[in-house]
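Here's a quick tour of one model, written for someone who likes to check contacts by hand. Have your viewer open and follow along.

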Amino acid sequence: MPVASDRKDPADDSRRRAPASGIRTGSRVDDIKRSFLDNLFCGIGRVPRAATRNDLYTALALTVRDRVLKQGVRTLEAYTEQDARVVAYLSAEFLPGPHLANNLLNLGIMDQTRQAMTELGIDLDELFEQEEEPGLGNGGLGRLASCYLDSLASIEIPAIGYGIRYEFGIFDQVIQDGWQVEITDKWLRFGNPWEIARPEVAFDVPFGGRTESWTDAQGRFRVRWVPETVVKGVAYDTPILGFRVGTCNRLRLWKAEAVESFDFDAFNHGDYYRAVEDKMFSENITKVLYPNDEHGAGKELRLEQQFFFVTCSLQDMLRVHQALGRPLDQFHRHWAVQLNDTHPALAVAELMRLLIDKHLLDWDTAWEVTRSTCAYTNHTLLPEALETWPVELFGRLLPRHLQLIYAINHRFLQNVRARFPHDEARVGRMSIIDETGQRSVRMANLATVGSHHINGVAALHSDLLKQYVLHDFAEMWPEKFCNVTNGVTPRRFVAVSNPPLAQLLTDRIGGAWLQNLDQLRALEALADDEQFQQQWHDVKSTAKRKLTDLIARRTGVAVDPTSLFDIQAKRIHEYKRQHLNVLHILTLYLRLKRDPQADIPPRTFIFGGKAAPGYDMAKLIIKLINAVADLVNHDRCVSDRLKVVFFPDYNVKNAQPVYPAADLSEQISLAGKEASGTGNMKFSLNGALTIGTLDGANVEIREEVGAENFFLFGLTAEQVRDRLRRGYCPRDVYEQNERLREVVDFIAASDRELFQPLIDNLLLSDPFLVLADYQAYVECQEQVADLWRNQPAWRRASILNVARMGKFSSDRSIRDYCEQIWNVQPIEVAMEAIEPCCNKD
């Protein structure tokens with residue numbers, strides 16, 4: 001089904017040129033057919049009758065890429081001509097999702113391409129399914145970065161994303177005997193038709209060794225880094241096209257290679273391993289996303305990865321800056337570098353090194369440029385997630401940077417002592433070097449000291465950041481702190497993921513909502529319209545049947561598409577409290593076992609998400625979910641009322657059919673632990689009602705959609721802190737709640753040895769207050785059931801959820817960044833009009 005926005009009249013945009021015609025870039029059906037066949041034959045060397053499905057997908061991807069790259073060239077020309085300030089978004093993770101459908105949507109040629117493929121006897125949906133997802137991220141952080149690249153292009157902001165081209169991305173997840181098993185994600189095994197290798201854009205990356213200091217002829221103190229090893233970073237570009245605009249930015253990923261990949265002398269002397277040793281060492285740096293850092297080698301590799309992509313990215317910016325004839329002391333006027341969490345925080349020290357050691361700027365000028373260039377987004381309130389590096393490891397791998405950090409810290413702490421005299425405890429907390437225990441480098445402190453702005457990602461998160469995590473810094477520099485609530489792109493998560501809903505929205509309120517999500521407010525007038533409610537129900541039912549079929553194929557579990565789809569899909573972590581959800585499922589199960597006639601509406605519980613390979617408790621929670629699924633789904637007394645599904649290998653591609661099908665979105669993390677969340681936004685934008693705590697962006701979602709359209713339960717962040725201050729004893733909660741005790745004992749009795757670590761965790765410490773929130777959660781779920789029984793009221797609440805989600809567009813987030821932090825203006829890029837699908841020559 002074509003997305004609704006294909007109906008937009010291209011003639012309304014005065015910046016569009018005449019429609020293009022031609023085999024490489026034309027938008028007419030015949031142009032696309034000819035271009036596709038040309039790419040299949042000349043680009044891949046296949047004829048249609050001998051082509052595999054991957055051949056057909058690749059040929060179409062190249063066909064679409066031609067049209068995208070034409071806009072990429074025009075974009076670079078426009079940025080150069082207008083001397084634009086460019087946003088450089090540095091992130092260790094990007095999760096762009098499949099590119100094909102998204103680019104067809106943004107180009108406005110979805111219908112034309114579908115017709116072209118149909119006329120060639122090819123099913124376009126099968127080609128969508130063929131595409132591998134670039135597994136370049138772990139979860140929300142990487143997907144947020146990709147939403148922001150989409151919005152940067154769509155609202156015409158000059159930008160480039162910088163990251164790592166991991167050969168093996170986030171693992172593929174399979175479930176065996178209820179346990180998560182990690183399989184290598186070989187996302188590049190068939191190549192990647194969207195990327196363009198840029199071997200001429202390559203930079204040396206030094207590691208280890210020593211430093212040497214001297215005074216040069218001009219009397220300047222100089223330092224030379226003499227590295228032990230040097231690898232090379234090579235650029236790979238992926239075009240990022242905006243929605244129905246001319247702007248096409250780039251995602252530039254770095255691949256590690258050896259400076260000399262083959263030692264011919266060693267080979268001639270029979271030392272075949274040493275002949276390729278440098279190549280093996282170098283390529284390891286970008287081999288895998290997030291190596292297991294529980295051991296020393298993993299930590300070292302992770303630090304190498306972070307420095308590798310940071311220095312390549314900064315060297316690239318300096319290369320472009322100088323090629324355009326700009327003075328280096330004006331670097332910050334042309335580049336806005338955003339640090340997406342602490343992974344790129346080394347940019348502060350590395351930019352100082354490049355400016356001082358390589359380009360001979362004096363310290364004060366270099367520091368002013370660095371602080372005026374960098375801004376830092378914090379994404380966590382969990383102390384263990386704030387990165388630190390042992391000084392010993394840091395100094396061994398990056399000796400010059402440790403010297404620079406000591407110097408930055410010395411000057412900074414002088415300012416702290418001047419501002420807060422006789423407060424050495426504060427000095428210790430604010431120091432970039434943690435002197436307690438094993439000395440370590442605090443990356444969040446480095447990022448905060450070296451940035452002109454620090455932002456949280458939801459109003460509550462930003463407040464807690466200033467009150468607790470970075471409290472001392474906020475007292476010293478209140479003007480540096482601000483909030484930018486996260487957002488998601490409606491192009492990917494409605495138009496691509498949920499075409500029937502997109503079509504309904506466009507039919508009733510027009511297509512402008514895809515570029516201005518506030519337009520969804522017009523749906524409020526339709527919330528009580530019986531005909532519209534029925535159409536709304538039909539769209540949701542279609543999505544649920546699609547997911548039902550997918551679940552049956554992937555898991556073998558048959559679910560009832562008319563039941564309430566209760567979905568919790570996100571990374572598996574104790575603070576996200578998937579085990580609280582399981583406690584509720586078992587509460588319903590045991591109630592039905594006692595009273596088979598109990599009035600419990602049919603409900604399908606769907607879980608999705610991956611646990612970090614080294615996170616044993618999270619993996620045990622997955623095992624528990626699957627054990628409960630096995631119990632419930634095979635019990636004939638309840639299986640027509642309850643079903644439990646663990647949907648494996650949850651990623652962007654697999655999420656696209658999940659969001660549209662949800663009736664209820666589980667956002668039940670402990671208040672004060674989730675920075676923002678974006679899954680909550682994607683579910684609400686597709687008509688799911690939320691059950692959740694006052695955590696992260698839940699607070700703002702509830703404010704927007706209305707308290708009556710949000711199922712709220714649980715302790716607030718302040719109540720959590722008060723409960724812990726007074727002394728929290730989870731066993732007392734367990735002893736005093738008969739239903740809770742029954743459920744916990746049932747788990748223990750099912751397999752005491754297997755689940756004992758989880759039971760002990762809940763009864764002895766319960767670090768995320770699962771038991772404390774259990775009763776409120778169960779009672780809130782009764783409210784869910786009550787509203788579900790009243791389908792007109794449920795549909796009305798669902799419509800209002802979508803109608804009031806305008807704030808949570810990533811377009812709004814990017815505009816906030818532009819206004820509050822980056823001081824960047826949009827630049828218009830000309831584009832061609834698109835021929836309507838019916839026009840063919």
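Which strand does isoleucine 160 lie in?

## Isoleucine 160 and strand 3

Isoleucine 160 belongs to strand 3, which covers residues 159–164. Before going further, keep in mind that this is a predicted model. With a relative accessible area of 4%, isoleucine 160 falls under the 20% cut-off, so it counts as buried.

As for who sits around it, skip the neighbours within four places in sequence and isoleucine 160 is in contact with Val86, Val87, Ala88, Tyr89, Arg250, Arg252 and Trp335. Leucine 90 is 70 residues away from isoleucine 160 in sequence, yet the C-alpha to C-alpha distance is 8.7 Å.

## Leucine 90 and the cores

Leucine 90 is worth a stop of its own. The largest nonpolar core has 120 residues, and Leu90, Phe394 and Trp822 are the ones with the most contacts inside it. Helix 10 (residues 296–323) supplies the largest share of that core, at 10 residues. There is also a second, separate core with 83 residues, including Ala101, Leu547, Val802 and Ile834. As a general background point, nonpolar side chains tend to be buried together in soluble globular proteins.

What is leucine 90 in contact with, once neighbours within four places in sequence are left aside? The list runs Tyr162, Phe309, Val310, Met317, Val337, Gln338, Leu339, Asn340, Pro344 and Ala347.

## Helix 11

Ala347, one of the contacts of leucine 90, is also among the buried residues of helix 11. That helix spans residues 347–358 and is mostly covered, with 11 of its 12 residues buried. Just after helix 11, leucine 360 takes a positive phi of about 65°.

How far apart are the axes of helix 29 and helix 31? They're 10 Å apart, with helix 29 (residues 738–750) and helix 31 (residues 770–789) packing at an angle of about 115°. The two are therefore roughly perpendicular, and their crossing is right-handed. Helix 29 brings Arg739, Leu740 and Val743 to the contact, while helix 31 brings Leu771, Tyr774, Gln775 and Val778. Sorted by class, that gives 5 nonpolar, 1 polar and 1 charged residues.

Now for helix 21 (residues 530–555) and helix 32 (residues 791–803), whose axes come within 10 Å and cross at roughly 80°. That angle makes helix 21 roughly perpendicular to helix 32. On the helix 21 side, the contact uses Phe532, Gln533, Gln534, Trp536 and His537. Helix 32 answers with Pro792, Arg795, Arg796, Ser798, Ile799 and Val802.

## Valine 226

Last stop: strand 8 (residues 221–226), where valine 226 is found. Is valine 226 buried or partly exposed? Its relative accessibility is 23%, so valine 226 counts as partly exposed.

Leaving out neighbours within four places in sequence, valine 226 is in contact with Gly208, Gly209, Arg210 and Glu212. Alanine 84 is 142 residues from valine 226 in sequence and 36 Å from it in space, C-alpha to C-alpha.

Methods:
Residues numbered from 1 in each chain as written. Heavy atoms only, no water. Core = buried A, V, L, I, M, F, W, Y, C linked by side-chain atoms within 4.5 Å. Buried < 20%, exposed > 50% of the residue type's maximum accessible area, 1.4 Å probe, protein only. Helix = DSSP H or I, 4+ residues; strand = E, 2+ residues; numbered from the N terminus. Contact = heavy atoms within 4.5 Å. Axes fitted to C-alpha atoms, helices over the stretch in contact; angles between N-to-C directions. Parallel < 35°, antiparallel > 145°, perpendicular 65-115°, else oblique. Left-handed = near helix turned anticlockwise from the far one by under 90°. Nonpolar A, V, L, I, M, F, W, Y, C, P; charged D, E, K, R; others polar.
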